[in-house]
Amino acid sequence: MSDPNDYKKAYLREKQARDEVESLLEEKTRALYLANQTLERQLEQLKNQQAVLINNERMATLGSLSAGVAHELNNPLAYVRGNLESLNHYLPALQELLNLASMAGHTDNDQMLSTQLKEVYVTQRLNDISEDLPDLINDTLHGCERIKIIVSDLMNFSRSNNDSFSSIALKPIVEDTLRLLSGQLKSYDLVIAIEDVAPILGKDGAIKQAIINLLANAKYAVDRDHKPHKTIEVLLAPGNDKEVILSISDNGIGIDPDIISRLFDPFFTTKPVGEGTGMGLAVTHAIIKEHRGSITVQSEEGVGSHFTITFPTEHIEAE
């Protein structure tokens with residue numbers, strides 16, 4: 001017959017072991033909870049740092065764009081100013097004609113008034129003025145509209161909402177970005193094929209920033225090459241039924257295969273000191289990753305580079 005003390009000892013040993021396991025489990029659970037809290041804080045810090053980084057890059061881009069936009073504004077401003085100077089030159093003749101015309105019905109000598117009108121018409125070359133006026137006015141209005149569009153595009157980029165995702169159409173975003181850079185890209189052979197594609201969930205300002213960074217990268221690559229034709233291609237098309245494809249290519253100097261894997265590393269750059277921060281492509285990669293997209297690079301030295309971005313369409317996020 002078993003000794004009751006043996007059962008009691010066995011029970012106490014089992015209870016002690018169970019208490020130790022529970023204590024260890026509680027300790028591990030607490031440690032895991034604290035580690036998770038730390039990770040959540042670190043993740044939030046990383047998100048905030050990334051947001052600051054993207055915003056800083058956007059402000060730097062805005063400064064660069066402003067210089068280009070200022071140069072681009074000079075063209076419409078020049079012919080608006082020229083047209084206004086011409087109109088100002090014509091003004092005395094038109095005022096003289098209007099003064100004489102206002103006398104009609106208020107003078108007894110209509111013959112003399114008619115003679116004066118004819119004399120002004122001939123001596124002031126009012127026929128030439130009449131022919132010039134429509135073109136001068138239309139060109140001036142066109143120039144003002146061009147200035148309005150340039151300033152509007154720059155303001156839209158500067159105040160783009162980068163804080164929340166919304167349903168966005170990529171085609172107008174790509175078109176707006178190309179128009180914003182039109183002055184800087186006008187000396188290049190641009191091949192643009194932009195289709196209507198399914199909307200994505202994204203941040204329009206961030207997408208514009210990524211496109212600008214890639215176009216700036218393409219521009220730098222073709223500028224360093226000596227080909228007679230400097231070509232940059234921008235293509236937007238549907239991918240499969242759940243994605244859209246945006247690609248930017250150039251026929252520039254290409255990329256050394258040994259450094260392709262480092263292209264998106266922060267602060268990595270092949271540009272001379274003072275010409276680049278090494279953050280453009282890193283920020284681009286972060287933006288695309290934030291949009292649950294992907295970016296790939298194909299390049300051959302002396303031939304050019306091809307960057308392909310894939311974005312998931314909106315309905316994926318909604319599933």
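In which loop is arginine 292 found? Arginine 292 lies in the loop between α7 and β6 (294-300), where helices (H or I, at least four residues) and strands (E, at least two) are DSSP runs numbered from the N terminus. The model is predicted, so that local features need pLDDT of at least 70 and side-chain atom pairs count only at pLDDT 80 or more, whereas totals for chains, interfaces and linings use all residues. Residues are numbered from 1 along each chain as its sequence is written, and side-chain values use heavy atoms, with hydrogens and water left out.

The protein has eight helices and seven strands. Of its 319 residues, 32% are buried; buried means under 20% relative accessible area, exposed means over 50%, and partly exposed lies in between (1.4 Å probe, protein chains only). Among contacts (heavy atoms within 4.5 Å) between residues at least 6 apart in sequence, 75% join residues at least 24 apart.

Two packed helices are described by the angle between their axes and the distance between the axes. Here axes are lines fitted to C-alpha atoms, for helices over the stretch in contact, and angles run from 0 to 180 degrees between N-to-C directions. Helix α4 (residues 170-180) packs with α6 at an angle of about 50°, and the two axes are 10 Å apart. The pair is therefore oblique, a term for angles that are not under 35 degrees (roughly parallel), over 145 (roughly antiparallel) or 65 to 115 (roughly perpendicular). The crossing of α4 and α6 is right-handed, that is, the near helix is turned clockwise from the far one by less than a right angle, anticlockwise being left-handed. On the α4 side the contact includes Leu170, Ile173 and Val174, and on the α6 side it includes Asp204, Ile207 and Lys208. By class this contact has nine nonpolar, one polar and three charged residues; Ala, Val, Leu, Ile, Met, Phe, Trp, Tyr, Cys and Pro count as nonpolar, Asp, Glu, Lys and Arg as charged, and the others, Gly among them, as polar.

Helix α6 (residues 204-223) also packs with α7 (residues 280-290), at about 145° and with axes 9 Å apart. This crossing is left-handed. Residues of α6 in the contact include Ala206, Ile207 and Ala210, and those of α7 include Gly280, Leu281 and Ile287. The contact of α6 with α7 holds seven nonpolar, five polar and no charged residues.

Helix α7 is largely enclosed by the rest of the structure, because eight of its eleven residues are buried. Among them are Leu281, Val283, Thr284 and Ile287. Just after α7, arginine 292 takes a positive phi of about 60°. Most residues other than glycine have a negative phi. Arginine 292 counts as exposed, at 59% relative accessibility.

Lysine 230, in the loop between α6 and β4 (231-238), is partly exposed with a relative accessible area of 24%. Its contacts, not counting residues up to four places away in sequence, include Tyr188, Asp189 and Asn251. Proline 266, in the loop between β5 (243-250) and α7, is exposed at 51%. The C-alpha atoms of proline 266 and histidine 285 are separated by 9.9 Å, although the two residues are 19 residues apart along the chain.
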